[in-house]
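Please look over this structure with a short report in hand.

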Amino acid sequence: MKTVVIVSDSHGNRQAIDRLDAVFSESDCVIHLGDTSSDGNYIKKKHPEKTYLLNGNCDVFPLGEKEAVLDIEGVKIFACHGHAYSVKRDFLPLAKRAEELGCAIALYGHTHEADERQIGGVTLINPGTLSRYSQNSYAYLVINNGKFTQKIVRI
């Protein structure tokens, strides 16, 4: 069994990141979906062996990847910020891309709104935002033997 913490759109709110440090420490994997990738790098410096960093549309000095495909416990996960797939208007392009890559999960941010939905065979998960200007949330994912369950956690 593996646990994954997904955060996004922190926009410099290091206090929110610091409040989650115990959760990051206890998890097997941490994914920061961008905006601001320097915040993701801040997490990565503390937890280098398990942190994945994606770039967002506000990352002027990008420190991560545009997209990533991870295989955790037999579950393929597509991760991106989401802006390149127009997630503020439509979720189908994101779901199609994840499906093309053989992924069961698509992680995205950008909208600042936590969301979970199923499109075809893909579960789309947005952890929400850690920004100073919104209700903070993150996503927690448990993966075991090819199966997974997710939860949006409001903080």
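## Fold

This predicted model has four helices and ten strands in its protein chain. Read from the N terminus, the elements run β-α-α-β-α-β-β-β-α-β-β-β-β-β. The chain is as compact as a globular protein of its length, because its radius of gyration is 14 Å, close to the 15 Å that the globule rule gives for 155 residues.

The C-alpha atoms fill a box of roughly 35 × 35 × 25 Å along the principal axes. Among contacts with a separation of 6 or more, 54% join residues 24 or more positions apart.

## Burial, surface and charge

Of the 155 residues, 48% are buried. The accessible surface of the protein chain is about 7400 Å². Carbon and sulfur atoms hold 47% of that surface.

The chain carries 18 positive and 19 negative charges.

## A residue in strand S1: Val4

Val4 sits in strand S1, which covers residues 2–7. Is Val4 buried or exposed? Its relative accessibility is 0%, so Val4 counts as buried; the cut-off for buried is under 20%.

Which residues does Val4 touch, leaving aside neighbours within four places in sequence? The contacts of Val4 are Cys29, Ile31, Ile72, Ala139, Tyr140, Leu141 and Ile143. Gly109 lies 105 residues from Val4 along the chain. The C-alpha atoms of Val4 and Gly109 are separated by 16 Å.

How values were computed:
Residues are numbered from 1 along each chain as its sequence is written. This is a predicted model: local features need pLDDT of at least 70, side-chain atom pairs count only at pLDDT 80 or more; totals for chains, interfaces and linings use all residues. Side-chain values use heavy atoms; hydrogens and water are left out. Helices (H or I, at least four residues) and strands (E, at least two) are DSSP runs, numbered from the N terminus. The radius of gyration is taken over C-alpha atoms; the globule rule is 2.2 Å times the number of residues to the power 0.38. Buried means under 20% relative accessible area, exposed over 50%, partly exposed in between (1.4 Å probe, protein chains only). Contact means heavy atoms within 4.5 Å. Accessible areas come from the Shrake-Rupley method with a 1.4 Å probe; for residues, only the protein chains shown count as cover. Lys and Arg count as positive and Asp and Glu as negative; His and the chain ends are not counted. The place of a charge is taken as NZ of Lys, CZ of Arg, CG of Asp or CD of Glu.
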